[in-house]
Amino acid sequence: MSTAMRSARWNIVAGTGRAVARLGKLKLAPRGTCFSLSKRAQLARDRRAMNTPLWPRLSKSFFVLALVASALFAQQPDELLQHAISLHQAGDLDGAIKAYRDYLAVEPDSLQARSNLGAALARAGRYDEAIAEYNLGLQKSPDNPALLMNLGLAYYKTGRHAEAAARFERAVALSPQFQEQVTLLLAACYNTLGRYKEAVALLAPLEKDKAGDAGFDYLYGTALIGDGQEGGAAVINRILSHGDSAEVHLLRGTLELTAHDSDTARADLEKAVALNPRLPGAHTRLGELLLTLGESERARAAFTQELALDPDEFTSNLNMGVLAKQDQGYAEARRYLERALRTRPNDPGVRYQIANVDLATGDLETARQSLEVLTKESPDFAEAHATLATVYYRLNRSADGDRERAISQKLMDQRDAVPVGSRPR
Amino acid sequence: MRRWWAGAAVCVAGYGLWVAAGRAQPEAKGPHFTDIAPKSDFRYKTDNNFTGRKYFPQTMCGGVAAFDFDNDGRMDLFFTNGAKLPEMEKTDPRFYNCLLRNRGDGTFEDVTARAGLLGKDLGFSFGVAAGDYDNDGYEDLFICNAGRNTLYHNNGDGTFSDVTERSGITKPKDLLSVAAAWFDYDNDGKLDLIVSNYTLWTPQTDKVCGVNGQEYYCHPKIYPSVAHRLYHNLGNGRFEDVTDSAGFGKELGKGMGIAIADFNGDGYMDVFVANDTVRNFLFINQKNGTFKESGYEWGVAYDENGNAHSSMGADAKDYDNDGFPDLFYNNLKGQIWGLFHNMGGKYMRYVSGMSHISRLSEHSSGWSNGFIDYNNDGWKDLYSSNGDIDDMGQVSRQPDTLFENVDGKEFRDVSTQVGADFAHAGFQRGSAFVDLNNDGFPDLVVTSLFERPRILMNSADNGNHWLLVNTVGRRSNRDGIGAALKLTTGSGRTLYNHVTTSDGFMSSSDKRVHFGLGSEKAIESLEIRWPSGIVQTLKKVKADQILTVTEAAK
């Protein structure tokens, strides 16, 4: 794969001093890092990378950004800090973490040490602690774009895509030169968050330069298909020119699923899973298809497999929540739905499902409050109005129930008036 | 008008006239079903005239009614059939409707022509409802059609007369009516009629839908929704269309099955109509000749996710014996069949999940259905006739399902344990529950597209006891439709049921009220609350009999 981010220069302000760091190139690599100080340019990648998921490739690369802060803060002559940096660079993460913490016990305001500690923690897979350290650093320096980037990457790695996207957006707003590095990550976040239109807007300008880059095409194709744009099929054809791949089958299966072509979609999605069982989203799409075919047990298994790869995957959590609710396992349903909500905070569909759980468990007041907010924020959400009507009736608020019922009915009538086209049920 | 009053308030009819084929060698430990249709010589096959072109109504064909048209104590069968399309005429005998007289020996005689029920002039027929609308002691028939609907009066001599025109039962042009139910909504002693309508359709307005040269049956949303129609029985064979004044006219749906029950226990019958891809309707009787559509209030308009699915057949019975009728409807594969528990007559709670219906039902596309205590254990089980809309794949032909009620709390699938004839895979549509041999165990009659119907006799071999109650109204409608029955066994167990012929889809079942008693032989009391308001209590009733109860004078 030949996805190489152009180099960019950026500044960070650390502690009492100001350091100018030069970032190397952000690269998409099958197993590699993303942000690096190395001067090495990544000019091309083996086509084999086609079969490697983009998300892990992107997310595995985050930690380097803060690691390199050791160089940025080199003018701090503290031996303890130097020792920590040495350990860090030597790969002794436990030793480095301890040394950074020792140093921070003495110099709690050192942004350099805080940032490096976050990097070491992240590299050790201790993302929650890393996030905590980055956030502590941002309390001292809220507009530090490097910290925001690293925090965004840590959030990305832990599947908190909404929070990741917010940090990336903020970092780019503060330092526009980050735009190029962050575009693919941000687009990946948007895809995960269902914000396909924004992903398309980010990626479309790059199409001319990057068309043919499989990683880009996959991201772009996902965004186009998610947004319901016809260009998705063309992108699939472009990826096909690189040969058979799990990504192609996933995208094609997704398109076919949308077109209610169940048999073909099933073949493609099963092929995607067979070619690359770790391809993010493949199990989810297959699960969605199986649900439409009435195979909920197999759908459950598919969603469970997806969640084993990514416990925060939105759609699988949502569907598992709905399935659990269907079985009237309300506590389990709530767990899945709240996890989905963590990935897509404020998602109206998830909030609606949680309100339904409240209604089903007899918590009418909570259901009412949630649905009132939801219908205010999403006034066209017919089902939410319908359920709110039922809640009002149960609360003996007939006039309110009648009103919500009328709204719901009007919205559904409008929806029904839209031609369904020439398709089976 | 003839009157046929029972000589005494209570009399016992004969039963156990024949045994089901195969009973001597049961296939399973519990009751199972054996198809006895092959033993009878009749022409009827459900024929929707599918010849390649897919006309929208073809998916709905094969209504069935179980009723005793000649009052010989044996339940007879009537089937509706399709028509030549696009002519929409029964141009060939293969499209005729069919009346089968129960000979009482396990065979049936085709008496359609003699009875005047061929329906040559009816076009494409769908549902059928049996009920004695004129209280003359003979069950009449109402048939839903594309084209004019038809009311047949039972002349009491084995023949029927088309009295539609005289009755005043009309409908808007091109209205496609699919199911009907008799009930007395104003408790005036005369059966009224509710008809569920699907859309406006003619062969000329039929739409063609398909992808890549393959034709599908169109999505229902391509057709307009319409109002269901209520006809008030004025007496003397006349009806008045009160659709608008009664509150039905403003609710537009795509009607399928109808379930009649007194959901809130106020003594007046309410109406549930399952709609296809449109929210379901629950019309609560306001006791003043009007109804209020209360699907939202009762929580049955949509499923638990606020979705309107392809609701098909419906039935309302008290599956947990708590004194309030519950509600069931089925729908298509991949959707979840809806079981709703009546919460004390105030609202319905969706219990498809906790009852296991959701998992049990997901592989099947259901049409007709109903609560049926097939094993006489006192718990009403759930039957569904199944088959895809369209013949589009290997799993389009489907077997029926029977979910056994476990202590009124949950259901388990026993479909594969009730005989090979039950497990027949097809495009099943209509179904009726009826005790054809009066042995106290409900039998099943099921239609299937392109096939002869199955007449599935219950092996009745588990030794459980039962009671069949044949209600005869005096102040109430003669069928006693709407009467609520409460049975208390010797051990104090209480069982509930009510009189209705309407269940499932396009179908009409045995009006006699069935109670399974399990191992109990003693019935402490049987309380009947008649539509007239009269409450009649019988004490120390013997089990294992068909008990005819005539409404007390007061």
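This is a predicted model: local features need pLDDT of at least 70, side-chain atom pairs count only at pLDDT 80 or more; totals for chains, interfaces and linings use all residues.
Let me begin with one residue, B:Leu468, which sits in strand 36 of chain B, the strand that covers residues 465–472; strands here are DSSP runs of E of at least two residues, helices are runs of H or I of at least four, and both are numbered from the N terminus. Residues are numbered from 1 along each chain as its sequence is written, and chains are lettered from A and ligands numbered from 1 in the order in which they are written.

Is B:Leu468 buried or exposed? B:Leu468 is buried, because 22 other C-beta atoms lie within 10 Å; a residue counts as buried with 20 or more other C-beta atoms within 10 Å of its own, as exposed with 12 or fewer, and as partly exposed in between, the C-beta atoms being placed from the backbone. If we set aside the neighbours within four places in sequence, B:Leu468 is in contact with B:Asp435, B:Gly440, B:Arg512, B:His514, B:Ile546 and B:Leu547, where contact means that the C-beta atoms, again placed from the backbone, lie within 7 Å. Between B:Leu468 and B:Arg74 there are 394 residues of separation in sequence, yet 13 Å in space from C-alpha to C-alpha.

Strand 36 and strand 40 of chain B run antiparallel and are joined by 5 bridges; two strands are said to pair if DSSP finds at least two bridges between them. Strand 40 of chain B, residues 513–518, is largely enclosed by the rest of the structure, because 6 of its 6 residues are buried. B:Val513, B:Phe515 and B:Leu517 point one way from this strand, whereas B:His514, B:Gly516 and B:Gly518 point the other way. As background, side chains in a regular strand alternate between the two faces of the sheet.

Elsewhere in chain B, 4 strands make an open sheet in the order 2-35-34-33, with antiparallel pairing. Its edges are strand 2 (33–35) and strand 33 (428–434) of chain B, each of which pairs on one side only, and neighbouring strands are turned by 25 degrees against each other on average, direction ignored. Within that sheet, strand 33 of chain B pairs with strand 34, residues 443–448, in the antiparallel sense over 5 bridges, and B:Gln428 has B:Ser448 in strand 34 as its bridge partner.

A further open sheet in chain B has 5 strands in the order 6-5-4-3-39, and here the pairing is mixed. Strand 6 (108–110) and strand 39 (507–508) of chain B each have a single partner strand, so one side of each is left without a neighbour in the sheet. Strand 5 of chain B, residues 98–102, pairs with strand 6 in the antiparallel sense over 3 bridges, and B:Leu100 stands opposite B:Asp110 there.

Taken as a whole, chain B has 4 helices and 43 strands, and buried residues make up 63% of its 554 residues. Its C-alpha atoms fill a box of roughly 65 × 50 × 50 Å along the principal axes.

Turning to chain A, we find 24 helices and 2 strands, with buried residues making up 53% of the 425 residues. Helix 6 of chain A, residues 111–123, is largely enclosed by the rest of the structure, because 13 of its 13 residues are buried, and just after this helix A:Gly125 takes a positive phi of about 80 degrees.

A word of caution belongs here: the mean pLDDT of chain A is 79, and 80% of its residues reach 70 or more, pLDDT being the predictor's confidence in each residue, from 0 to 100. Over residues 1–75 of chain A the pLDDT is below 50, although this stretch has 164 contacts in the model beyond near neighbours in sequence.

Finally, where the chains meet, 30 residues of chain B are in contact with 27 residues of chain A. Strand 13 of chain B gives the most to the side of chain B that touches chain A, with 3 residues.

Note on methods:
Two residues are in contact if their C-beta atoms, placed from the backbone, lie within 7 Å. Axes are lines fitted to C-alpha atoms, for helices over the stretch in contact, and angles run from 0 to 180 degrees between N-to-C directions.
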